[in-house]
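Please look through the sequence and the model shown here before reading the notes that follow.

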Amino acid sequence: MLAMDYRGPYRVRATQKPDPVIEHPGDAIVRVTSACICGSDLHLYHGLVPDTRVGTTFGHEFVGVVEEVGSQVHKLKVGDRVLVPFNVFCGSCFYCDREMYGNCDNTNAEASAVGGIYGYSHTAGGYEGGQAELVRVPMADVGPTIIPADIHEDDAVLLTDALPTGYQAAEMGDIQEGDTVVVFGAGPVGIFAAKSAWLHGAGRVIVVDHVEYRLEFVKNYANCEIVNFKEVDDMALHIKKMTDWMGADVCIDAVGCEAAGNAVQTLTGRYMKMQAGSATALHWCINSVRKGGNVSIVGVYGPTFNAVPIGNALNKGLTLRMNQASVKRHVPRLIEHIRAGHIDPKQIITHRVPLEEVADAYHIFSSKLDDCIKTILVPPNAHQVRAVEASVTKH
Ligand SMILES: [Zn+2]
Ligand SMILES: [Zn+2]
């Protein structure tokens, strides 16, 4: 099969690899029809995630058609159209029982924090990802959701990570009616967090970034105010000025470890690797939120330390909440929001690139060229697979 192949920092290619096979009776093999590149794939691409091994395939946001199932798979059958959450999870451990699917205890032998994630290094279990023609899906009765016939493939693929992560960011902010919510980061997750903030009752939503085309997009898409941080001297002061000197009720970090905007953080985190990337957005969250406010973090940080102003958080009496999204928990509600017309996820898709051109696709996304917001990789023959599937559904 054709698959994306990691060759080292800033080097990826499309190459032929052996087809995945059923390794356990609970596995399924899924033929991928769309796979996104995620902002967090760029952390891998830039060499910031430990134990990212050469020769592995990235991709934790994919949908496709079930090609084969193991003998213990009962809920899926060959030909089902499925969306597969980025979390690999067992559904029955202590954490899964509490719907903390991102923290499953049985799917990542390498760590005691995060559970398994498709295509996200051996620190997240070493699973092969979905930027490929085929992917092995372990515990196939647990993770995948059959895509309802009325849900568009482009919406479905955004339900595997970006939309539920943005939605959970708003949920963890514990937004009260009328709250002022500031979202740092206007990438796909930040865009969906801003949109979700309204669904959680926000009275005012402000999005901060420095990429002008993304700010323009989110202003229209999420009907929010925007701030370009390059035009601001002191972010915390600026947010205070905008909020009658209170600060925001809720701040959301939808950036993570590659934040721009602070020279010292960029130098120590991204260039010298003295900390696990730059934590500028998190600093801004802690310093821009009002006393007693909530900070919600969904931007990805690595397992090693970051310099965080914890004293400010303590003295202001903040509540900090953070986690990898528990995708499966949000999918039913988000499907209802899509059906009700509250949110149209596919509008954020700007690029559709053949899997063969994966190297170009990463470069365009990484360098924010061509007004790129979200890229879908399309494996060879995906159109035929979709067409066959559609005609089967019709009859
Ligand atoms: Zn993602
Ligand atoms: Zn589990």
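Donors are the N, O and S atoms within 2.8 Å of a metal (3.2 Å for Na, K and Ca), and since water is not among the atoms, sites may look incomplete. This is a predicted model, in which local features need pLDDT of at least 70 and side-chain atom pairs count only at pLDDT 80 or more, while totals for chains, interfaces and linings use all residues. Residues are numbered from 1 along each chain as its sequence is written, chains are lettered from A and ligands numbered from 1 in the order in which they are written, and side-chain values use heavy atoms, with hydrogens and water left out.

**The zinc ion (ligand 1)**

- Four protein donors, Cys-38 (SG), His-60 (NE2), Glu-61 (OE) and Asp-161 (OD), lie 1.8 to 2.2 Å from the zinc ion (ligand 1).
- Along the chain, the donors of this zinc ion (ligand 1) follow the spacing C-x21-H-E-x99-D.
- The angles among the four donor atoms are 94 to 136°, and the site of the zinc ion (ligand 1) is irregular; four donors count as tetrahedral if all angles lie between 85 and 135 degrees, four count as square planar and six as octahedral if opposite donors are over 155 degrees apart and all others between 65 and 115, and anything else is irregular.
- Both Cys-38 and Glu-61 are buried, where buried means under 20% relative accessible area, exposed means over 50%, and partly exposed lies in between (1.4 Å probe, protein chains only).

**The zinc ion (ligand 2)**

- The zinc ion (ligand 2) is coordinated at 2.3 to 2.4 Å by the SG atoms of Cys-90, Cys-93, Cys-96 and Cys-104.
- These donor residues of the zinc ion (ligand 2) are spaced C-x2-C-x2-C-x7-C in sequence, and the site is tetrahedral, with angles of 102 to 117° among its four donor atoms.
- Cys-93 and Cys-96 are both buried.

- Leaving aside neighbours within four places in sequence, Cys-36 is in contact (heavy atoms within 4.5 Å) with residues including Asp-41, Glu-61, Val-157 and Lys-374.
- Although Cys-36 and His-24 are twelve residues apart in sequence, they are 27 Å apart in space, C-alpha to C-alpha.

- Helix H4 (residues 162–172) is largely enclosed by the rest of the structure, because ten of its eleven residues are buried.
- Among the buried residues of H4 are Leu-163, Tyr-167 and Met-172, and just after H4, Asp-174 takes a positive phi of about 50°.
- Thr-280 is found in helix H9 and is buried, with a relative accessible area of 1%.
- Not counting residues up to four places away in sequence, Thr-280 touches Ala-259, Ala-260, Gly-261, Asn-262 and Gln-265.

Definitions and conventions. Helix = DSSP H or I, 4+ residues; strand = E, 2+ residues; numbered from the N terminus.
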